[in-house]
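Open the model in your viewer and keep the selection tool at hand. The tour goes from one selection to the next.

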Amino acid sequence: MTNRLLTGLLMASSILGTAGIALAQDKTLTIESWRNDDLAIWQEKLIPAFEKANPGIKVTFSPSAPTEYNAALNAKLDAGSAGDLITCRPFDASLELFKKGHLADLTGLAGMENFSDVAKSAWQTDDGKASFCVPMASVIHGFIYNKDAFEKLGIAVPATEEEFFAALEKIKADGTFIPMAMGTKDLWEAATMGYQNIGPNYWKGEEGRLALIKGEQKLTDADWVAPYATLAKWKPYLGDGFEAQTYPDSQNLFTLGRAAIYPAGSWEISTFNTQAQFKMGAFAPPVQKAGDTCYISDHNDIGIGLNPKSANADAAKTFLTWVASPEFATIYANALPGFFSLNSAAVKMEDPLAQEFVSWRDKCKPTIRSTYQVLSRGTPNLENETWVKSANVINGTETPEAASAELQKGLDSWYKPAK
Amino acid sequence: MNNGPLAAGPRDFEMSQQSLEHSQDRRPTRWHIAVFLAPALLVYTAVMILPLFGTLQLSLFRNVDNAQVFAGFDNFRTLFGDPRWSASFWNALGNNTWFFIIHMLVQNPIGVVLAALLSSPKLRFSAFYRTAIFIPTILSFVIVGFAWKLILSPLWGVAPNLLDLVGLKSLFVPWLGKEEYALTTLSLISVWQFVGIPMMLIYAAMLSIPDEVIEAAECDGVTGFSQFWKIQLPLILPSIGIISILTFVGNFNAFDLIYSAQGALAGPNYATDILGTFLYRTFFGFQLQIGDKNMGATIASMMFFIILAGVCLYLFLIQTRLRRYQF
């Protein structure tokens, strides 16, 4: 049904598009994307807003299935039949396209100044000199909590690590709720919701991440081992048999109201909003001491770039400049709570939970997941190894020091930082 | 047919003489053999032999600057020489061997016992049991993996509740999440799924034992358990041999159950990583890791050699020594 609707819409839009050219010499732009979930938002909100402001340019959003996107896009680019605008995956996948000449250099595009360096880092060359995609959306890590449970037990929202563990202890002592809903069975939960969630506070966000890439810091340094030591302390507060608890199990535990705290990524917001029957709140990863600067993982997820072979490059650039504008950011972020605009201009969000997440940008320094840029190009793959080691540390089968030493050894075996 | 040779008269002799001369004159080319073999041979070549050699060839090359370069046995040297690659490989091979041992020690003996029980004439509803025990075999791995994950789930699974009913809740462990139990648990799940196959094969072998032999044994006073031990078991040994080799090949090619229950990283801490999952991760890549088809092909070649060696060992050392009985 959705397929037929989609085909219908696409056909209709292509016919209308061609009709448009014939009548008014309109320029038509086609967007390649894997976000077929977002089709309605583009058709009903984003594209009309753009077309209204820029008469003479028509835009078609043409998504494919997420798993097929990379292969289909590569084939289309090689054949020269790809659309004018290309939705960019973060990091190496898009960098590869840029190196092959399938993405245009957008460093000087009007509107790029609206983004911070961190926001642009996912779509830049390794030296940071050339940018090739306009950042669109990111996901933020933090903790979502059951407000009702916190009120019932009289717990204040924790800001420091000490308060955080005191809260967990109190929930555990009460016994009504499982203190924290997380499992280690699927491994990535431990790494993404655990290590990458709380880590930036220890390695000082970008400072530590860039030093790691430059080789000035090592994973065996105190700043990188400490998050593991903290993760190891989570163990007693996880549910019974968390070793065999999967990601959907954790989600269900929390939305059924059986657990009080959920280490989260902001992409959960829309699902949780529809499933949870209680009030929810969110807090940023607690800092070590009151007054410390807080750092959050604000991980780049979606960008949009220009196909250099586009016949309507000027119109496409107009569109990209619009994507870089606060207007786009507001529509996009409100239509998809949990996927935040990377625009530096603050966006007012209607969803309170999403607004809470995005408000941390004002007081905390953002960074991206430490393993994504450059460091996961070789074998053994640092990201995958981090999954395994984070789960080991929480399971208590490996000490934080041993896990970090193993990770650094693996990284040293193939990664030689430029001196 | 017993009187065949006696009945051979002069006419038969003539005919054979004739055909002998005939063939000496001009050997007819027997085209039909080639024609009948061709379809199977072509299909087998296209889907089995060519890919096999393609894999072996791939394992001798390396990707340097987006071009395939001949590298000799360098990939094998990396696999065995590099401490990380070799650690992963030996871990996977060790786990695979344990997986196989569990099948041999649990699946096949249970299969034999079930077959012996089923072939007992006193058992009622044997057709029902036969079907019920065989049904898991036809289920998809995905269903089996998912169902057992749910059964053993510490949160919603029936396993902790059932143990609780008999007061043994303290024995419950999140088996799939513990390094020391996960592989054995998965092996037993696989045994549960496939125990129907040895059962069926042995059951068929037992049915083929002539009643005369059993009756003669009974006349000699060999009954009950010793009858099974001394009469039936020796007669089904060739079938057990075949089952062992099928189990060996199946286990060293296994992948699906581990993948569907534990994911491609075969957690916790690679405790359930077998050659199949190791190959999958290497060949296709996983998450941020990009696939390396040359190293993947190297692992696939090693799997092929291991299975080949095992099968040869069986064929030349064991099968030739098995005593067969003709009735």
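Is B:Leu162 buried or exposed? The model is a predicted one. Select B:Leu162: its relative accessibility is 52%, so it counts as exposed, since the cut-off for exposed is over 50%. The residue belongs to helix H8 (residues 158–165) of chain B.

Next, select strand E3 (residues 85–88) of chain A. A:Leu85 and A:Thr87 are buried on one side, and A:Ile86 and A:Cys88 are buried on the other. In a regular strand, side chains alternate between the two faces of the sheet. Strand E1 (residues 27–33) of chain A runs parallel to E3(A) and is joined to it by two bridges; A:Glu32 stands opposite A:Ile86. With strand E8 (residues 294–306) of chain A, E3(A) pairs in the antiparallel sense over four bridges. There, A:Thr87 has A:Ile304 as its bridge partner.

Select A:Arg209 and A:Glu206, whose side chains meet at 2.8 Å, N to O. Both lie in helix H10 (residues 206–214) of chain A, three residues apart. A:Arg209 is buried, at 0% relative accessible area.

Last, select A:Glu243 and B:Lys178, a salt bridge with its closest N and O atoms 3.0 Å apart. This pair crosses between chains. A:Glu243 counts as buried at 7% relative accessibility, while B:Lys178 counts as partly exposed at 23%.

How values were computed:
Residues are numbered from 1 along each chain as its sequence is written. Chains are lettered from A and ligands numbered from 1 in the order in which they are written. This is a predicted model: local features need pLDDT of at least 70, side-chain atom pairs count only at pLDDT 80 or more; totals for chains, interfaces and linings use all residues. Side-chain values use heavy atoms; hydrogens and water are left out. Buried means under 20% relative accessible area, exposed over 50%, partly exposed in between (1.4 Å probe, protein chains only). Two strands pair if DSSP finds at least two bridges between them. A salt bridge is a side-chain nitrogen of Lys or Arg within 4 Å of a carboxyl oxygen of Asp or Glu.
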